[in-house]
Amino acid sequence: MSSSHAKVAVGASKDSSFLGGRIPSEIEIMAKQLKDLDQEMFRKILKAVVSAIEGKDCRDAMKAIAENAAVPEERLSYVVAGMYRLLKEALRIPTSSLKQEVFKEDLRELRIPEEFITDFASVVFGNRRTALEAVATQQGPRLPSLKDFRWRVDVAISTSSLARALQPSILMQMKLSDGKAHRFEVPVSKFQELRYNVALILKEMNDLEKRSVLSIQD
Amino acid sequence: MAAIITETQSIKEAVTSINTIELNKFSRLLSRILQKLHLKEERTFSEEEEQKLQSALSLDKQDLSLVLDTTAFILEQAVYHNVKPASLKQQLEKIHLSPEKAEAFCQAWTAVCPDVVEKVRQRIFAPKKLEHVGWQLNLQMAKSTQAKLKDPHAVLELGVRNEDSQSVVEKVFVEFSHQELLQFYNQLETVQAQLDSLT
């Protein structure tokens, strides 16, 4: 009675893997394919996949690996797909939520060989982590951001309607990350409005970052 | 002060017509023209209004448009040189405008002069002008590449009006993270410092 209770208790305390309730199929298939893969080859493939996640062009590396006849192409594609998915899912979760031990435990459940688990863990929790996280921040859906901002303050001395105008105005040029450039004139009053609003948003951001909503640990 | 109006033939004809108009009708005409003076594109009077004016002031079409154009011209010159009311009166009497009409001009001018000059001064002509600033502050909780974020993000909506399309305002959306917004703000502060150094 007590032993079966204990069993149930142990089963309940371990939540589903960091990969979610249902393991993605490409990872399961990869796990099977990794069985008699040579570690040297594994490491080469891992390196190529990591540079792909970083956004670098890895076509040459992949080509070199594929040409090595030791691994049939079909098997290679399963392994690459699985690795990519596994790493992406692991990198998505911040290190405060997913600890290394739990990660390794989850991979053991998938019956991935121990040496490979160590290699995976060194990518996810090693010093390459910050670079990989930076790439993830940049990607993802975004409205265009400001790439370049230039401005000019002019004073109109005289116009066709007014001999002595002496009116300052501001010309702004904004280059956005989607490639578009916008150039427009800003009357001084509108500029004040813009400046006031930006300051207001910054103040609200500061307040938001201090609030207890953000100190909820998850 | 240099004469702002030279007495050309058409001015003479206009003055003759103006002098025939009843005083209060003329004063109302003056204030109406002054109201719209700073707006470049708009006609002061619509077609039907002009026809009504023709009968009200007993002027034919040509004379009416001469009167309207000349009055507007005199006022525009007054704005351009920023003349004082007294000086304006003098000049009007010089071109043989009747004293009562000159007085009417003077009074109307005194009433609205600083406003009109200020409005004209504020008029910028540039192909595109910033008209509207809107914003939204969002807290990004997650995205497809990252889970469990708590990232404040701001979106600025800038309404830019094109000079030729009166009704269409182009909306420019720009997204900022906290760091990016801070950078932008520092640049705006530099612009402000430049503006302050002008006064």
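In chain A, 60% of the contacts (heavy atoms within 4.5 Å) between residues at least 6 apart in sequence join residues at least 24 apart. The model is a predicted one, in which local features need pLDDT of at least 70 and side-chain atom pairs count only at pLDDT 80 or more, while totals for chains, interfaces and linings use all residues. Residues are numbered from 1 along each chain as its sequence is written, chains are lettered from A and ligands numbered from 1 in the order in which they are written, and side-chain values use heavy atoms, with hydrogens and water left out.

Staying with chain A, there are nine helices and three strands, counted as DSSP runs (H or I of at least four residues for helices, E of at least two for strands) and numbered from the N terminus. Read from the N terminus, the order is α-α-α-α-α-α-α-α-β-β-β-α. Chain A has 218 residues, and 38% of them come out as buried, that is, under 20% relative accessible area with a 1.4 Å probe, protein chains only.

Both chains are split into domains, with bounds taken from an automatic or database domain assignment. In chain A, domain 1 covers 25-139 and domain 2 covers 146-210, and their C-alpha centres sit 47 Å apart. For chain B, the pieces are domain 1 (9-125) and domain 2 (128-198), with 44 Å between the centres, again over C-alpha atoms.

Now to where the chains meet. Chain A puts 61 residues into the contact and chain B puts in 54. Together they bury about 5600 Å², with 69% of that on carbon and sulfur atoms; buried area here is the accessible area (1.4 Å probe) that two parts lose on being put together, summed over both.

Three salt bridges turn up across the interface of chain B and chain A, each a side-chain nitrogen of Lys or Arg within 4 Å of a carboxyl oxygen of Asp or Glu. One of them pairs B:Glu180 with A:Arg142, whose closest N and O atoms are 3.3 Å apart. As for what chain B brings to the side that touches chain A, α4 (61-81), α6 (99-122), β1 (128-140), β2 (151-162), β3 (169-177) and α7 (178-198) each supply at least two residues. The most come from α7(B), with 15 residues.

Conventions: Buried means under 20% relative accessible area, exposed over 50%, partly exposed in between (1.4 Å probe, protein chains only).
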